[in-house]
Protein chains: 2
Amino acid sequence: MANTSWQDVRKEVLRKIEAEEWRRGELIPGEMELAEKFGCARVTVNRALRQLSDEGFVNRKRKAGTRVAVNRVQKATFDIPVIREEVEAAGKLYSHEIIRKQMVPPPKGFAGEIWAAEKHKLLHLRSVHFADKTPYAFEVRWVNTSTVPKIAEVDFSHISANEWLVQNVPVTSSNFAFSAIALKKSEAKLLDAESGDAALCVERATWNLSGPITSVRQIFKPGHTLKTKMS
Amino acid sequence: MANTSWQDVRKEVLRKIEAEEWRRGELIPGEMELAEKFGCARVTVNRALRQLSDEGFVNRKRKAGTRVAVNRVQKATFDIPVIREEVEAAGKLYSHEIIRKQMVPPPKGFAGEIWAAEKHKLLHLRSVHFADKTPYAFEVRWVNTSTVPKIAEVDFSHISANEWLVQNVPVTSSNFAFSAIALKKSEAKLLDAESGDAALCVERATWNLSGPITSVRQIFKPGHTLKTKMS
DNA sequence: CATCTCATTTTGTATGTACATAAGACGAAA
DNA sequence: TTTCGTCTTATGTACATACAAAATGAGATG
């Protein structure tokens, strides 16, 4: 039977929006009315409109109805790959090296905020990632050993801290910050670049239900580009 | 009546995942079974699991069942604000200035790819955004006048190209690229910075059903940070 | 042993119905 | 006029039911 599916409804509504038959900010017909027009159940229309709402194309409010979004917020969703996978996807050989590993008190600077409530020492790691033995990125990381006690025993010669964490600790939320920095002498040396070169810097802090897990600052080799797609 | 809502189900399933009662890659009970356990309809469980699937916590396949996601892909979703709003949100006065406006053939470099199929000339704009009269970002933009003919008549002294496009042209998909660049002399001058300074560069190309709309390269003043949250 | 077919299982979706909930609208009271 | 309730209305959700579609796995066939 060719029932009208919620996807059909979604598609048609989207078409009308894109063709500007229904303009920005405009109130579109109610679910009942649409259901009748499409010859389907109200619940089906509901499903379609809910989807469109999730996608940001329309805004819905009880009693007020459904309106075409005025400024469809430009949302970019992107996948933060584990560096190893990123390197291997480019057909290169991945390796990494731990430069420093020690217990230190919580840092002040950037991710200082997330560690605000922490009083005990954190595991501090500095490492370099390589692609075909060439430096690819440099990272500085802090890990909360009270929420992730097991990490103390991990041997990072085989697996990177990031990857171990991704595989072993479920994360519920995180923050990101992107910026450009001029490489310091020491950083430049590690990345096989020149002091003062412009490098992309991604800072990230992740949380669990039980508290902060890790914060990391990754500095990519000059010239590196982070790409993503939105739909 | 306190019926168990799909949100309750979602929450409980999520809890079990985070508490590692159900481990990564593990198959979780079928919808029927869960429905019985929760004392609700299968459809309700379905709704909850579908949501969790959308959020990337589980993977579902017909016949195969639902399993806890192995590597919950680290997805960062962030809102690309219109620069004016970003500036005003910081409590500063926004203004902008068009430096150049002309019709040119499609560019080759970066966004060359999206313009590959275009043969006629594009509207080319260069402009600077200011916050409290201080340079904030510099942008270079190409607009497809065949998909967006109306733009030819717009007076950009009152509204920026980006904002006009956001308000007037529905977009269905786009690409992003983040990188760090060293400012060229001319760029530095516009941004009131030093030549060679590290600046964050965001490149973006957007599409419609009818084809490419615009590509833009925004270079932020050195020191600028782009922040986002994931959940 | 390889491969193809088909039954079975599990998720996906459509429907009618019923009730819940938010919030706009409108009128009564101060 | 303002403020406070209350009515109304559109969306949100729950349920039972039924059937669709995908993918696995077992059994038949070469």
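User: Which conventions should I keep in mind?

Analyst: Residues are numbered from 1 along each chain as its sequence is written, while chains are lettered from A and ligands numbered from 1 in the order in which they are written. Since this is a predicted model, local features need pLDDT of at least 70 and side-chain atom pairs count only at pLDDT 80 or more, whereas totals for chains, interfaces and linings use all residues.

User: What radius of gyration does chain A have, and what would a compact globule of 231 residues have?

Analyst: The radius of gyration is taken over C-alpha atoms, and the globule rule is 2.2 Å times the number of residues to the power 0.38. For 231 residues that rule gives a value near 17 Å, but chain A has 24 Å, and its C-alpha trace spans about 65 × 35 × 35 Å along the principal axes.

User: Which domains does the assignment give for chain A, and how far apart do their C-alpha centres lie?

Analyst: Domain bounds come from an automatic or database domain assignment. Here that assignment gives domain 1 (6-68) and domain 2 (83-220), with C-alpha centres 44 Å apart.

User: How many residues surround DNA strand C, and which are the closest?

Analyst: A residue is near a strand if its C-beta atom, placed from the backbone, lies within 6 Å of it. By that criterion 26 residues surround DNA strand C, the closest being A:Ser5, A:Cys40, A:Thr44, B:Gly30 and B:Lys63. The elements that give two or more residues to this surface are α3 (42-54) of chain A, and α3 (42-54) and β3 (65-68) of chain B; helices (H or I, at least four residues) and strands (E, at least two) are DSSP runs, numbered from the N terminus.

User: Which residues are the closest to DNA strand D?

Analyst: They are A:Gly30, B:Ser5, B:Cys40, B:Thr44 and B:Lys63, out of 26 residues that surround DNA strand D. Two or more residues each come from α3 and β3 (65-68) of chain A and from α3 of chain B.

User: Where is A:Asp132 placed, and is A:Asp132 buried or exposed?

Analyst: A residue is buried if 20 or more other C-beta atoms, placed from the backbone, lie within 10 Å of its own, exposed if 12 or fewer, and partly exposed in between. A:Asp132, in the loop between β6 (122-131) and β7 (134-143) of chain A, counts as exposed because it has 12 C-beta neighbours inside 10 Å, and its phi is near 50°, a positive value in a residue other than glycine.
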